[in-house]
Amino acid sequence: MNGLTWNIMLALIWVGMTGNFTGSGMAIGFLLGYLLLGVTLRDVPRFSGYIRKVPRVVRFVFFFLRELVVSNLRVAYDVLTPTDYMRPGVIAVPLDAHTDGEITLLANMISLTPGSLSLDVSTDRRVLYVHMMYLDDPEQAREQIKYFESRLLELLR
Amino acid sequence: MTTDYVTFGLELATAVFMLVGALFMLLAGLGALRMPDLLMRMHATTKAGALGSGVIMVAVAIHFGEAGVTTRAVAITLFIMLTSPVAAHVIARAGYFTGTPMWSRIVRDELKGKYDRDNHTLDTPPRYKLKATADESTAPAPDAPSESQPEKQKPDDSTP
(Lines give C-alpha, C1' and ligand atoms only; values in the text may rest on other atoms or scores of the structure.)
Protein backbone atom coordinates (compact mmCIF):
# COMPACT_ATOMS: atom_id res chain seq x y z
CA MET A 1 0.00 0.00 0.00
CA ASN A 2 2.05 2.88 -1.32
CA GLY A 3 -0.50 5.59 -0.51
CA LEU A 4 -0.45 4.64 3.16
CA THR A 5 3.34 4.94 3.48
CA TRP A 6 3.21 8.36 1.83
CA ASN A 7 0.44 9.43 4.18
CA ILE A 8 2.39 8.28 7.24
CA MET A 9 5.48 10.09 5.97
CA LEU A 10 3.52 13.32 5.53
CA ALA A 11 2.11 12.91 9.05
CA LEU A 12 5.65 12.44 10.45
CA ILE A 13 6.82 15.55 8.59
CA TRP A 14 3.90 17.49 10.08
CA VAL A 15 4.77 16.26 13.58
CA GLY A 16 8.42 17.17 13.06
CA MET A 17 7.68 20.64 11.71
CA THR A 18 5.18 21.59 14.43
CA GLY A 19 7.22 19.94 17.21
CA ASN A 20 3.99 18.50 18.62
CA PHE A 21 5.01 14.90 19.37
CA THR A 22 1.63 13.61 20.61
CA GLY A 23 -1.10 11.30 19.40
CA SER A 24 -3.37 14.20 18.48
CA GLY A 25 -0.56 15.92 16.55
CA MET A 26 -0.01 12.69 14.61
CA ALA A 27 -3.75 12.41 13.91
CA ILE A 28 -3.92 15.98 12.59
CA GLY A 29 -0.87 15.35 10.42
CA PHE A 30 -2.44 12.18 9.07
CA LEU A 31 -5.69 13.97 8.23
CA LEU A 32 -3.90 16.88 6.53
CA GLY A 33 -1.65 14.45 4.62
CA TYR A 34 -4.69 12.54 3.43
CA LEU A 35 -6.39 15.74 2.26
CA LEU A 36 -3.22 16.78 0.44
CA LEU A 37 -2.93 13.41 -1.30
CA GLY A 38 -6.63 13.43 -2.09
CA VAL A 39 -6.52 16.85 -3.74
CA THR A 40 -3.24 16.57 -5.64
CA LEU A 41 -2.89 12.89 -6.60
CA ARG A 42 -6.54 12.00 -7.17
CA ASP A 43 -5.97 11.04 -10.81
CA VAL A 44 -2.74 9.07 -10.34
CA PRO A 45 -3.77 5.42 -10.59
CA ARG A 46 -1.25 4.27 -8.00
CA PHE A 47 -2.86 6.46 -5.33
CA SER A 48 -6.52 6.59 -6.36
CA GLY A 49 -7.24 3.19 -4.78
CA TYR A 50 -5.89 4.30 -1.42
CA ILE A 51 -7.71 7.64 -1.60
CA ARG A 52 -11.03 5.89 -2.25
CA LYS A 53 -10.46 3.27 0.45
CA VAL A 54 -9.84 5.48 3.49
CA PRO A 55 -13.45 6.83 3.79
CA ARG A 56 -14.74 3.30 3.26
CA VAL A 57 -12.57 1.97 6.10
CA VAL A 58 -13.82 4.72 8.42
CA ARG A 59 -17.44 4.00 7.45
CA PHE A 60 -16.90 0.26 7.92
CA VAL A 61 -15.44 0.78 11.40
CA PHE A 62 -18.54 2.75 12.46
CA PHE A 63 -20.85 0.20 10.80
CA PHE A 64 -19.05 -2.58 12.67
CA LEU A 65 -19.16 -0.79 16.03
CA ARG A 66 -22.90 -0.24 15.61
CA GLU A 67 -23.40 -3.93 14.78
CA LEU A 68 -21.33 -4.89 17.83
CA VAL A 69 -23.46 -2.78 20.18
CA VAL A 70 -26.71 -4.03 18.60
CA SER A 71 -25.54 -7.64 18.93
CA ASN A 72 -24.72 -7.13 22.59
CA LEU A 73 -28.06 -5.55 23.39
CA ARG A 74 -29.71 -8.50 21.68
CA VAL A 75 -27.62 -11.04 23.58
CA ALA A 76 -28.42 -9.15 26.79
CA TYR A 77 -32.13 -9.40 25.97
CA ASP A 78 -31.79 -13.11 25.16
CA VAL A 79 -29.95 -13.89 28.37
CA LEU A 80 -32.44 -12.09 30.57
CA THR A 81 -35.66 -13.37 28.98
CA PRO A 82 -37.02 -16.95 28.65
CA THR A 83 -35.44 -19.03 25.89
CA ASP A 84 -38.71 -20.36 24.47
CA TYR A 85 -38.84 -18.40 21.23
CA MET A 86 -35.23 -19.02 20.11
CA ARG A 87 -34.80 -20.88 16.85
CA PRO A 88 -31.12 -21.87 16.62
CA GLY A 89 -29.67 -23.57 13.57
CA VAL A 90 -26.46 -24.14 11.64
CA ILE A 91 -26.28 -23.00 8.00
CA ALA A 92 -23.57 -23.25 5.35
CA VAL A 93 -22.65 -19.94 3.69
CA PRO A 94 -20.76 -20.04 0.38
CA LEU A 95 -17.60 -17.92 0.50
CA ASP A 96 -16.32 -15.34 -1.97
CA ALA A 97 -13.31 -14.68 0.27
CA HIS A 98 -10.44 -16.97 -0.64
CA THR A 99 -7.22 -16.12 1.19
CA ASP A 100 -6.64 -17.11 4.81
CA GLY A 101 -6.61 -13.49 5.95
CA GLU A 102 -9.92 -12.64 4.32
CA ILE A 103 -11.65 -15.72 5.71
CA THR A 104 -10.25 -15.15 9.22
CA LEU A 105 -11.38 -11.51 9.28
CA LEU A 106 -14.82 -12.40 7.93
CA ALA A 107 -15.28 -15.22 10.45
CA ASN A 108 -14.27 -12.93 13.31
CA MET A 109 -16.65 -10.19 12.18
CA ILE A 110 -19.51 -12.68 11.85
CA SER A 111 -18.88 -13.94 15.38
CA LEU A 112 -19.13 -10.41 16.74
CA THR A 113 -22.33 -9.39 14.90
CA PRO A 114 -25.93 -10.02 15.98
CA GLY A 115 -27.20 -13.56 16.27
CA SER A 116 -24.44 -15.33 14.34
CA LEU A 117 -21.37 -17.31 15.36
CA SER A 118 -18.93 -18.77 12.83
CA LEU A 119 -18.12 -22.40 13.56
CA ASP A 120 -15.74 -23.73 10.93
CA VAL A 121 -14.55 -23.46 7.33
CA SER A 122 -14.78 -26.49 5.06
CA THR A 123 -11.46 -28.04 4.10
CA ASP A 124 -11.76 -26.90 0.46
CA ARG A 125 -12.61 -23.34 1.71
CA ARG A 126 -15.85 -23.12 -0.25
CA VAL A 127 -18.24 -22.61 2.66
CA LEU A 128 -18.30 -21.22 6.18
CA TYR A 129 -20.59 -22.93 8.69
CA VAL A 130 -22.43 -20.37 10.81
CA HIS A 131 -24.60 -20.91 13.88
CA MET A 132 -27.61 -18.58 13.94
CA MET A 133 -29.62 -17.73 17.04
CA TYR A 134 -32.87 -17.00 15.18
CA LEU A 135 -33.09 -18.98 11.98
CA ASP A 136 -36.49 -18.15 10.50
CA ASP A 137 -35.40 -18.19 6.87
CA PRO A 138 -32.04 -19.81 5.95
CA GLU A 139 -31.82 -18.02 2.58
CA GLN A 140 -32.39 -14.63 4.19
CA ALA A 141 -29.72 -15.35 6.80
CA ARG A 142 -27.31 -16.32 4.02
CA GLU A 143 -27.99 -13.08 2.17
CA GLN A 144 -27.40 -11.07 5.32
CA ILE A 145 -23.97 -12.68 5.77
CA LYS A 146 -23.16 -12.27 2.07
CA TYR A 147 -23.93 -8.53 2.36
CA PHE A 148 -21.53 -8.31 5.29
CA GLU A 149 -18.90 -10.19 3.30
CA SER A 150 -19.26 -7.88 0.28
CA ARG A 151 -18.74 -4.83 2.51
CA LEU A 152 -15.61 -6.38 3.98
CA LEU A 153 -14.18 -7.54 0.66
CA GLU A 154 -14.53 -4.13 -1.01
CA LEU A 155 -12.11 -2.85 1.64
CA LEU A 156 -9.59 -5.65 1.32
CA ARG A 157 -9.39 -5.84 -2.47
CA MET B 1 -14.15 26.50 38.01
CA THR B 2 -14.27 25.05 34.53
CA THR B 3 -11.55 22.50 35.34
CA ASP B 4 -13.78 21.23 38.17
CA TYR B 5 -16.52 20.53 35.67
CA VAL B 6 -14.06 18.85 33.31
CA THR B 7 -12.65 16.53 35.99
CA PHE B 8 -16.16 15.78 37.21
CA GLY B 9 -17.25 14.93 33.65
CA LEU B 10 -14.24 12.67 33.14
CA GLU B 11 -14.84 10.88 36.44
CA LEU B 12 -18.48 10.43 35.56
CA ALA B 13 -17.59 9.02 32.10
CA THR B 14 -15.05 6.66 33.71
CA ALA B 15 -17.64 5.42 36.20
CA VAL B 16 -20.32 4.94 33.53
CA PHE B 17 -18.00 3.03 31.17
CA MET B 18 -16.74 0.84 34.04
CA LEU B 19 -20.28 -0.01 35.10
CA VAL B 20 -21.49 -0.73 31.56
CA GLY B 21 -18.45 -2.94 30.92
CA ALA B 22 -18.96 -4.83 34.16
CA LEU B 23 -22.64 -5.26 33.30
CA PHE B 24 -21.77 -6.85 29.94
CA MET B 25 -19.25 -9.15 31.63
CA LEU B 26 -21.97 -10.16 34.11
CA LEU B 27 -24.32 -10.86 31.19
CA ALA B 28 -21.64 -13.04 29.57
CA GLY B 29 -21.40 -15.07 32.77
CA LEU B 30 -25.17 -15.31 33.12
CA GLY B 31 -25.43 -16.36 29.48
CA ALA B 32 -22.95 -19.19 30.03
CA LEU B 33 -25.21 -20.41 32.83
CA ARG B 34 -28.60 -19.92 31.23
CA MET B 35 -28.29 -20.78 27.52
CA PRO B 36 -29.51 -24.27 26.59
CA ASP B 37 -26.53 -25.68 24.65
CA LEU B 38 -22.79 -25.22 24.03
CA LEU B 39 -23.09 -23.19 20.83
CA MET B 40 -25.59 -20.75 22.30
CA ARG B 41 -23.38 -20.31 25.34
CA MET B 42 -20.55 -19.37 23.03
CA HIS B 43 -22.81 -16.68 21.53
CA ALA B 44 -23.21 -15.00 24.90
CA THR B 45 -19.61 -15.25 26.08
CA THR B 46 -18.00 -14.22 22.77
CA LYS B 47 -20.00 -11.06 22.11
CA ALA B 48 -20.67 -9.80 25.63
CA GLY B 49 -17.16 -10.68 26.83
CA ALA B 50 -15.46 -8.85 23.95
CA LEU B 51 -17.57 -5.70 24.24
CA GLY B 52 -17.44 -5.71 28.05
CA SER B 53 -13.65 -5.78 28.17
CA GLY B 54 -13.48 -3.18 25.37
CA VAL B 55 -15.73 -0.78 27.27
CA ILE B 56 -13.68 -1.25 30.47
CA MET B 57 -10.55 -0.44 28.45
CA VAL B 58 -12.23 2.80 27.28
CA ALA B 59 -12.79 3.68 30.96
CA VAL B 60 -9.11 2.95 31.69
CA ALA B 61 -7.99 5.19 28.81
CA ILE B 62 -10.22 8.06 30.02
CA HIS B 63 -9.10 7.70 33.64
CA PHE B 64 -5.37 7.84 32.93
CA GLY B 65 -5.54 10.17 29.93
CA GLU B 66 -2.00 9.35 28.77
CA ALA B 67 -0.95 8.43 25.25
CA GLY B 68 0.94 5.34 26.46
CA VAL B 69 -2.03 3.95 28.35
CA THR B 70 -4.45 4.77 25.52
CA THR B 71 -2.42 2.93 22.89
CA ARG B 72 -2.17 -0.09 25.17
CA ALA B 73 -5.93 -0.01 25.82
CA VAL B 74 -6.63 0.11 22.07
CA ALA B 75 -4.20 -2.78 21.48
CA ILE B 76 -5.85 -4.88 24.22
CA THR B 77 -9.32 -4.26 22.75
CA LEU B 78 -8.15 -5.18 19.24
CA PHE B 79 -6.49 -8.39 20.40
CA ILE B 80 -9.54 -9.49 22.40
CA MET B 81 -11.76 -8.87 19.35
CA LEU B 82 -9.33 -10.93 17.24
CA THR B 83 -8.91 -13.83 19.66
CA SER B 84 -12.30 -14.41 21.30
CA PRO B 85 -14.08 -15.52 18.06
CA VAL B 86 -11.15 -17.87 17.36
CA ALA B 87 -11.53 -19.38 20.82
CA ALA B 88 -15.28 -19.79 20.21
CA HIS B 89 -14.55 -21.56 16.92
CA VAL B 90 -12.06 -23.97 18.51
CA ILE B 91 -14.38 -24.77 21.45
CA ALA B 92 -17.38 -25.32 19.15
CA ARG B 93 -15.28 -27.61 16.94
CA ALA B 94 -14.07 -29.60 19.93
CA GLY B 95 -17.67 -29.84 21.11
CA TYR B 96 -18.71 -31.29 17.77
CA PHE B 97 -15.98 -33.94 17.81
CA THR B 98 -16.67 -35.03 21.37
CA GLY B 99 -20.37 -35.32 20.52
CA THR B 100 -21.79 -32.65 22.81
CA PRO B 101 -25.56 -32.77 22.25
CA MET B 102 -27.30 -29.82 20.58
CA TRP B 103 -30.45 -28.29 22.00
CA SER B 104 -33.48 -30.45 21.19
CA ARG B 105 -35.28 -27.51 19.52
CA ILE B 106 -32.60 -26.80 16.92
CA VAL B 107 -34.26 -25.80 13.62
CA ARG B 108 -31.67 -26.90 11.10
CA ASP B 109 -28.18 -28.39 11.17
CA GLU B 110 -26.32 -28.29 7.88
CA LEU B 111 -23.06 -29.24 9.61
CA LYS B 112 -24.37 -32.66 10.63
CA GLY B 113 -22.38 -35.53 9.15
CA LYS B 114 -19.99 -33.20 7.33
CA TYR B 115 -17.01 -33.80 9.63
CA ASP B 116 -14.76 -36.73 8.84
CA ARG B 117 -13.98 -38.24 12.24
CA ASP B 118 -10.81 -40.00 11.09
CA ASN B 119 -8.84 -37.21 9.40
CA HIS B 120 -10.78 -34.20 10.80
CA THR B 121 -11.57 -32.69 7.39
CA LEU B 122 -14.81 -30.82 6.80
CA ASP B 123 -16.92 -31.47 3.73
CA THR B 124 -18.82 -28.88 1.64
CA PRO B 125 -22.57 -29.31 0.99
CA PRO B 126 -23.06 -30.67 -2.57
CA ARG B 127 -24.87 -27.54 -3.79
CA TYR B 128 -21.87 -25.31 -3.04
CA LYS B 129 -19.16 -27.55 -4.46
CA LEU B 130 -17.10 -26.32 -7.40
CA LYS B 131 -18.76 -27.34 -10.68
CA ALA B 132 -15.55 -28.86 -12.10
CA THR B 133 -14.71 -30.98 -9.06
CA ALA B 134 -18.35 -32.09 -8.73
CA ASP B 135 -18.27 -33.44 -12.31
CA GLU B 136 -14.97 -35.22 -11.68
CA SER B 137 -16.13 -36.76 -8.43
CA THR B 138 -19.44 -38.07 -9.82
CA ALA B 139 -17.68 -40.56 -12.12
CA PRO B 140 -15.28 -42.32 -9.71
CA ALA B 141 -17.28 -42.01 -6.48
CA PRO B 142 -21.04 -41.75 -7.06
CA ASP B 143 -21.80 -42.86 -3.50
CA ALA B 144 -20.08 -39.88 -1.86
CA PRO B 145 -22.77 -37.25 -2.64
CA SER B 146 -25.64 -39.66 -2.16
CA GLU B 147 -24.24 -40.60 1.22
CA SER B 148 -24.17 -37.02 2.46
CA GLN B 149 -27.54 -36.15 0.93
CA PRO B 150 -29.80 -38.07 3.37
CA GLU B 151 -27.70 -36.76 6.27
CA LYS B 152 -28.51 -33.23 5.21
CA GLN B 153 -32.15 -34.09 4.68
CA LYS B 154 -32.71 -35.40 8.19
CA PRO B 155 -32.96 -32.10 10.09
CA ASP B 156 -35.25 -30.65 7.39
CA ASP B 157 -37.71 -33.50 7.76
CA SER B 158 -37.79 -33.41 11.54
CA THR B 159 -38.62 -29.71 11.80
CA PRO B 160 -42.35 -29.59 10.94
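This is a predicted model: local features need pLDDT of at least 70, side-chain atom pairs count only at pLDDT 80 or more; totals for chains, interfaces and linings use all residues.
## The shared sheet

Four strands make up an open sheet with mixed pairing, and their order is E2(A)-E3(A)-E1(A)-E1(B). Its edges are strand E2 (116-121) of chain A and strand E1 (108-109) of chain B, each of which pairs on one side only.

Within chain A, strand E1 (residues 89-94) runs antiparallel to strand E3 (residues 127-132), and six bridges join the two. One of the residues concerned is A:Ala92, whose bridge partner in E3(A) is A:Tyr129. E2(A) also runs antiparallel to E3(A), through five bridges; here A:Ser118 stands opposite A:Val130 of E3(A). The hairpin of E2(A) and E3(A) has five residues between the strands, and in it A:Arg125 adopts a positive phi near 60°.

Helix H4 (residues 100-111) of chain A touches E2 and E3 of chain A, and its direction makes about 150° with that of E2(A).

Although E2(A) is an edge strand, E2(A) is mostly covered, with six of its six residues buried.

## Contact between the chains

The contact between the chains takes 34 residues from chain A and 40 residues from chain B. On the chain A side, helix H3 (45-80), E1, H4, E2 and E3 each supply at least two residues. The most come from H3(A), which gives six residues. By residue class, the side of chain A that touches chain B divides into 18 nonpolar, twelve polar and four charged residues.

## Organisation of chain B

Chain B contains five helices and one strand, arranged along the sequence in the pattern α-α-α-β-α-α. Of the 160 residues in chain B, 30% are buried. Among contacts in chain B between residues at least 6 apart in sequence, 62% join residues at least 24 apart.

## The first three helices of chain B

Helix H1 of chain B covers residues 2-34, and its 33 residues should span 48 Å at 1.5 Å a residue; the end C-alpha atoms are 47 Å apart, which agrees. The buried residues of H1(B) are B:Phe17, B:Gly21, B:Phe24, B:Leu27, B:Ala28 and B:Gly31. These buried residues pack against H3 of chain A together with H2 of chain B, and H3(A) is also the element that gives the most residues to the side of chain A touching chain B.

Helix H2 (residues 38-64) and helix H3 (residues 67-97) of chain B have axes that come within 9 Å and cross at roughly 175°. H2(B) and H3(B) are therefore roughly antiparallel to each other. The residues of their contact divide into 17 nonpolar and eight polar, with no charged residues.

Terms used: Residues are numbered from 1 along each chain as its sequence is written. Chains are lettered from A and ligands numbered from 1 in the order in which they are written. Two strands pair if DSSP finds at least two bridges between them. Two residues are in contact if their C-beta atoms, placed from the backbone, lie within 7 Å. Axes are lines fitted to C-alpha atoms, for helices over the stretch in contact, and angles run from 0 to 180 degrees between N-to-C directions. A residue is buried if 20 or more other C-beta atoms lie within 10 Å of its own, exposed if 12 or fewer, and partly exposed in between; C-beta atoms are placed from the backbone. Ala, Val, Leu, Ile, Met, Phe, Trp, Tyr, Cys and Pro count as nonpolar, Asp, Glu, Lys and Arg as charged, and the others, Gly among them, as polar. Angles under 35 degrees count as roughly parallel, over 145 as roughly antiparallel, 65 to 115 as roughly perpendicular and the rest as oblique. The expected span of a helix is 1.5 Å times one less than its number of residues.
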